[in-house]
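Please keep the sequence and the structure in view while reading.

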Amino acid sequence: MLTVKNLSKSFGELEVLKDINMEIKEGEVISVIGPSGSGKSTFLRCINLLETPNSGTITYEGQVVNEPAYDKRKLHQEVGMVFQKFNLFPHKTVLENIMLAPTKLKRGTKEELKAQALELLDKVGLKSKADEFPGNLSGGQQQRVAIARALAMKPRVLLFDEPTSALDPELVGEVLKVMQDLAEEGMTMVVVTHEMGFAREVSNHLIFMEGGYIVEEGDPKEIFANPKNARTKKFLSSVL
Ligand code: ADP
Ligand code: MG
């Protein structure tokens with residue numbers, strides 16, 4: 001579905017991503033782990049062109065997307081992103097937050113989009129909060145709304161950048177549960193996370209990044225049980 005080839009990205013003199021290669025297949029759940037500053041967020045942001053790579057290609061459904069002729073809007077509509085800080089619009093209700101983008105894109109009548117938004121809220125367990133403002137919700141609830149908002153675009157791939165890192169520990173589980181449900185429904189996902197339980201149990205491919213490189217990747221359970229690279233070993237022993 002999406003292929004990254006020889007991707008490099010620098011900020012000025014600082015080379016943040018170095019010759020990254022990966023493939024995202026339909027229905028796959030990929031976890032990306034690694035120390036802070038290793039380039040995980042930049043990698044995700046390059047995938048949906050929030051950052052422009054310096055070299056390499058990103059191919060989505062057979063089309064190279066990081067070239068001037070490509071209309072990024074298609075990618076932005078089909079590859080959704082959920083951020084660490086939920087980025088909900090504070091002066092809009094939960095329902096309005098979810099309806100905003102599909103309304104702008106005229107994806108249906110107001111009634112249809114409202115019905116769809118309520119269905120998504122139900123899915124993340126927050127139907128009763130439709131008319132609340134984000135500020136009245138807990139962090140975990142806000143993140144679940146942000147996931148519902150991303151789903152309202154009917155994305156083909158969802159990217160998550162540390163979706164639970166800003167949450168109080170007792171709220172992490174409710175967000176992971178929603179993500180696990182999505183994974184079980186077959187949603188294609190790339191998840192940058194520090195939740196090693198999720199990485200091990202829910203994802204079917206694991207990528208370990210350090211210093212801008214993919215140092216090791218493969219079957220999550222195998223890597224957790226028997227990391228081959230010394231740096232992966234060191235990282236895992238520091239977080240487990
Ligand atoms: P991670 O998500 O793994 O913590 P990041 O991708 O956020 O890593 O950052 C990798 C490196 O790139 C860090 O050294 C960071 O300071 C740098 N970096 C990230 N974004 C920018 C930017 N917009 N301008 C300059 N440097 C950046
Ligand atoms: Mg990051």
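**The ligand and its surroundings**

A polar atom in the side chain of Lys-40 lies 2.8 Å from an oxygen atom of ligand 1; a polar contact here is a pair of N or O atoms within 3.5 Å, and within protein one must be able to donate a hydrogen and the other to accept it, with residues adjacent in sequence counting only if both atoms are side-chain atoms. The model is predicted, so local features need pLDDT of at least 70 and side-chain atom pairs count only at pLDDT 80 or more, while totals for chains, interfaces and linings use all residues. Residues are numbered from 1 along each chain as its sequence is written, chains are lettered from A and ligands numbered from 1 in the order in which they are written, and side-chain values use heavy atoms, with hydrogens and water left out.

Two further contacts involve oxygen atoms of ligand 1. The side chain of Ser-41 places an N or O atom 2.9 Å from one, and a backbone N or O atom of Gly-39 lies 3.0 Å from one. Taken alone, ligand 1 exposes 560 Å², of which the protein buries 59% (accessible areas by the Shrake-Rupley method with a 1.4 Å probe; for residues, only the protein chains shown count as cover).

The shell around ligand 1 includes Phe-11, Leu-14, Val-16 and Pro-35, where a residue is near a molecule or strand if one of its heavy atoms lies within 4 Å of it. By class, this shell has four nonpolar, six polar and one charged residues; Ala, Val, Leu, Ile, Met, Phe, Trp, Tyr, Cys and Pro count as nonpolar, Asp, Glu, Lys and Arg as charged, and the others, Gly among them, as polar. Helix 1 (40-47) and strand 2 each supply at least two residues of the shell, and helix 1 gives the most, with three. Helices (H or I, at least four residues) and strands (E, at least two) are DSSP runs, numbered from the N terminus.

Strands 1 (residues 2-11) and 2 are joined by seven bridges; two strands pair if DSSP finds at least two bridges between them. Within this pair, Lys-9 has Leu-17 as its bridge partner.

Elsewhere, strand 9 (residues 205-210) runs antiparallel to strand 10 (residues 213-218), with five bridges between them. Phe-208 stands opposite Glu-216. The two strands form a hairpin with two residues between them, and Gly-211 in the turn has a positive phi of about 55°.

**The whole protein**

In total, the protein has nine helices and ten strands. Its C-alpha trace spans about 55 × 45 × 30 Å along the principal axes.
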